[in-house]
Each structure stands twice: as structure tokens, then as C-alpha cells.
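Me: I am new to protein structures. Could you show me how to read a few features, one at a time?

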Amino acid sequence: MTDYALTHYEVLFADYASQPVFGFCQQDKSQRLRAILEELHRYHLSHCPAYHALFANMPVSFDDEDQLPFLAVRLFKLMDLLSVPKDAVFRELRSSGTTGQTPARISLDRQTSARQSRALVSIMQSFIGKQRLPMLIIDSPDVLKKPHLSARGAGIQGMAFFGREHTYALNSDMSLNVDAVRDFANKNRGKPVLLFGFTFMVWLNFVKALEHTGDSLDFSQGVLIHSGGWKKLSDQQVNNDTFKKRLTSVTGITRIHNFYGMAEQVGSVFVECEHGHLHAPSLADVIVRCPYSLVPLPFGKTGLIQVISAIPTSYPGFSILTEDMGTLLGEDDCACGRKGRYFSIAGRLPKTEMRGCSDTAGQS
Ligand SMILES: [Zn+2]
């Protein structure tokens with residue numbers, strides 16, 4: 001393996017990251033991203049033995065971003081994917097995973113972590129504004145006390161930056177801390193506030209708990225950001241519309257944004273706009289592939305989601321084939337004005353029995 005430095009990547013990245021986060025038309029964006037991703041591909045080939053073993057025979061330049069190699073997300077549970085010396089790792093993220101499965105381990109160095117934070121700030125500010133708002137975190141404060149920071153804890157830490165006067169809405173046993181929530185609501189009546197939580201917990205431990213106690217709060221000037229899978233909710237026949245309606249009726253909140261993201265690509269999150277579409281920010285992109293042939297699918301067809309991020313350098317996670325199903329809805333023309341691709345998530349791949357990345361063409 002030859003040594004390939006990140007010098008050119010850093011220059012391209014810094015220039016691109018300073019531009020408006022939803023300002024690029026897809027054609028322009030794809031070209032810029034492709035140049036950055038080629039640099040990353042070369043870098044990881046020369047710094048990550050596992051990546052090299054998988055992709056040494058691939059070309060090192062590409063005509064289009066959909067030609068880039070991708071790693072199946074479950075490889076993060078099975079392999080040691082690291083592109084920096086072990087002593088450069090200052091934080092290891094563990095994705096919660098399904099019970100009984102090995103968690104994925106994602107190793108972050110300071111540079112990757114700093115890029116993640118910067119990217120998250122520019123994306124989130126587009127939805128919640130630049131001011132730090134009083135913040136209600138719909139979780140228990142205990143989530144930050146575990147020895148290894150869970151993806152949930154990391155998500156809360158990342159979002160906490162956008163708020164001040166952090167109040168936790170749940171007790172250690174995940175029951176609603178009614179007094180804390182009422183105090184927070186009374187203190188901030190009629191003012192802009194930020195609420196954040198994981199989708200299922202917002203539903204079960206907040207919306208349903210408020211419905212149960214009969215409390216009704218006034219967060220009419222608030223914005224709620226939530227994330228996490230819809231599986232548990234769809235098991236209960238709750239879709240995004242129902243979620244929003246019931247949340248609005250107990251809190252008065254109308255600005256509700258789901259976002260899609262993963263521990264393997266912290267910082268590049270896909271946030272739902274005012275028109276209900278998940279948007280790819282400038283430093284990230286999304287491709288939908290046929291689950292059998294893995295060929296890229298056109299708008300309107302549902303398939304496996306591949307996520308691309310220009311951010312990570314400490315591990316080879318810039319192009320990942322997820323186990324989530326979704327649909328590209330369009331590009332550059334959402335009524336909210338944000339440029340680039342927008343999409344929706346349809347749920348998890350049934351049974352998540354993934355095959356290899358390259359040997360499934362033509363099979364069904
Ligand atoms: Zn939109």
C-alpha cells in the first residue's frame with residue numbers, strides 16, 4: 001500500500017463545506033462530491049488494510065458518484081475498519097444494534113469529529129435557526145452515564161449544542177417527569193423552544209404519556225427534531241401523519257422534523273423539510289439501489305438506500321449500503337427551495353439478510 005495524504009481532500013472539503021448547505025443543484029453537487037470522494041477512496045485504500053483487501057482492484061477515479069465502491073453497513077460489526085493509528089482515536093461510537101448482535105464500532109479521530117460537528121451545525125441551523133433555544137430533551141439523563149457512549153447518547157450530545165437550559169423530560173425508568181416538563185413549559189410559555197428525542201420515545205414516553213395524564217402543553221412556538229427508526233411505530237400502525245397530529249394536539253407544536261442518519265455517518269443527516277421530504281445536504285448524498293441487482297434505481301422506485309458522506313476520514317465510511325429501504329422522490333425542485341436530492345424512507349429490509357456487495361447481480 002502506498003501512502004496517500006489527505007492534503008488535497010482537506011482543500012476541496014474546506015472550500016465545499018463553506019458553501020450553503022442546500023444551495024447546490026444536483027449536477028454541480030455530484031461533480032464536487034465525486035472529486036472529494038475519490039480522494040477519500042484513495043486515502044482509505046492506502047490506510048485501511050481491510051478496505052484495501054476489499055477494493056484494491058477497483059479503479060481510483062470515477063465518472064459518477066454512483067460508481068463509487070460501497071461497504072455494507074454490517075461490515076462495521078464484523079471488521080476492524082480503521083484508517084488512522086489506534087492512538088489517534090479519541091472516541092469510539094457503538095451503534096445500539098439489535099439485541100444479541102455485536103454492536104458496530106466506529107472510531108473517530110479529532111478531525112473527523114470536528115467535521116461532523118461543523119456539518120451538523122450548518123444542517124440543523126437551516127431548520128431551527130442560529131439562536132440557541134431553551135431545550136427539552138425527551139430522554140432520561142442516564143443515557144449519558146454509560147461507560148461507552150451509545151449512539152443514542154452521542155445523538156443527544158450532538159443535538160444538545162443547539163439548545164440551552166437543557167431539561168430532561170424523562171425519569172431513569174423512562175416515565176414522564178411531569179414536574180420537569182410542566183416547569184419547562186410554564187417558564188417558556190409562548191417562546192421559541194427546541195425539543196429533541198428519538199422517535200419511538202417521543203411517541204411512547206411523551207405523546208402517549210401526556211395523553212394519559214391529560215396534560216396539554218403550549219409549545220406553539222417550538223420546533224421538534226426527532227430521529228430513529230419507524231419500525232416500532234409502524235408495528236403500532238402509527239405513521240408520520242398520525243405522529244405529527246397527535247403530537248400537535250398535546251403540545252401545540254407544528255414545526256416537526258424527522259431526520260435520518262446513522263452512527264456510521266454522524267454529521268451528515270437527512271432532515272425532513274416543511275413538505276415532508278428528507279433532504280440530502282451538500283456534504284452527503286443518497287442513492288437508491290435495487291436490493292437484488294444493486295443497480296441504481298430512478299425516482300419513484302423503492303430500493304436499498306446507499307448513503308454517501310464527505311466527512312469521515314478516520315474510518316472508511318464515506319459510502320455505505322444501508323439495510324433501509326427508501327425512494328428517491330426528486331432533485332432540485334422541492335417546494336421548500338432546498339436543492340439536491342430528496343427522498344423518503346420505507347422501512348427496514350425484511351429479515352435484513354444481506355448478501356455480499358458484488359456477487360448478487362442477476363440473482364433474485
Ligand atoms: Zn423540501
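Reply: We will look at a metal site, then a helix, then one serine. This is a predicted model, where local features need pLDDT of at least 70, side-chain atom pairs count only at pLDDT 80 or more, and totals for chains, interfaces and linings use all residues. Residues are numbered from 1 along each chain as its sequence is written, and side-chain values use heavy atoms, with hydrogens and water left out.

Me: Which residues are the protein donors of the zinc ion?

Reply: Donors are N, O and S atoms within 2.8 Å of the metal (3.2 Å for Na, K and Ca); water is not among the atoms, so sites may look incomplete. Here they are Cys-273 (SG), His-279 (NE2), Cys-334 (SG) and Cys-336 (SG), 2.1 to 2.3 Å from the zinc ion. Their spacing in sequence is C-x5-H-x54-C-x1-C.

Me: Is Cys-334 buried or exposed?

Reply: Buried means under 20% relative accessible area, exposed over 50%, and partly exposed in between (1.4 Å probe, protein chains only). Cys-334 is buried because its relative accessibility is 6%, whereas Cys-336, at 23%, is partly exposed.

Me: Which residues of helix H6 are buried?

Reply: Helices (H or I, at least four residues) and strands (E, at least two) are DSSP runs, numbered from the N terminus. In H6 (residues 151-160), the buried ones are Gly-153, Ala-154, Ile-156, Met-159 and Ala-160.

Me: Where is Ser-227 found, and what does Ser-227 touch?

Reply: Ser-227 belongs to strand E7 and is buried because its relative accessibility is 7%. Contact means heavy atoms within 4.5 Å. Leaving aside residues up to four places away in sequence, Ser-227 touches Gly-197, Phe-198, Thr-199, Asn-258 and Phe-259.
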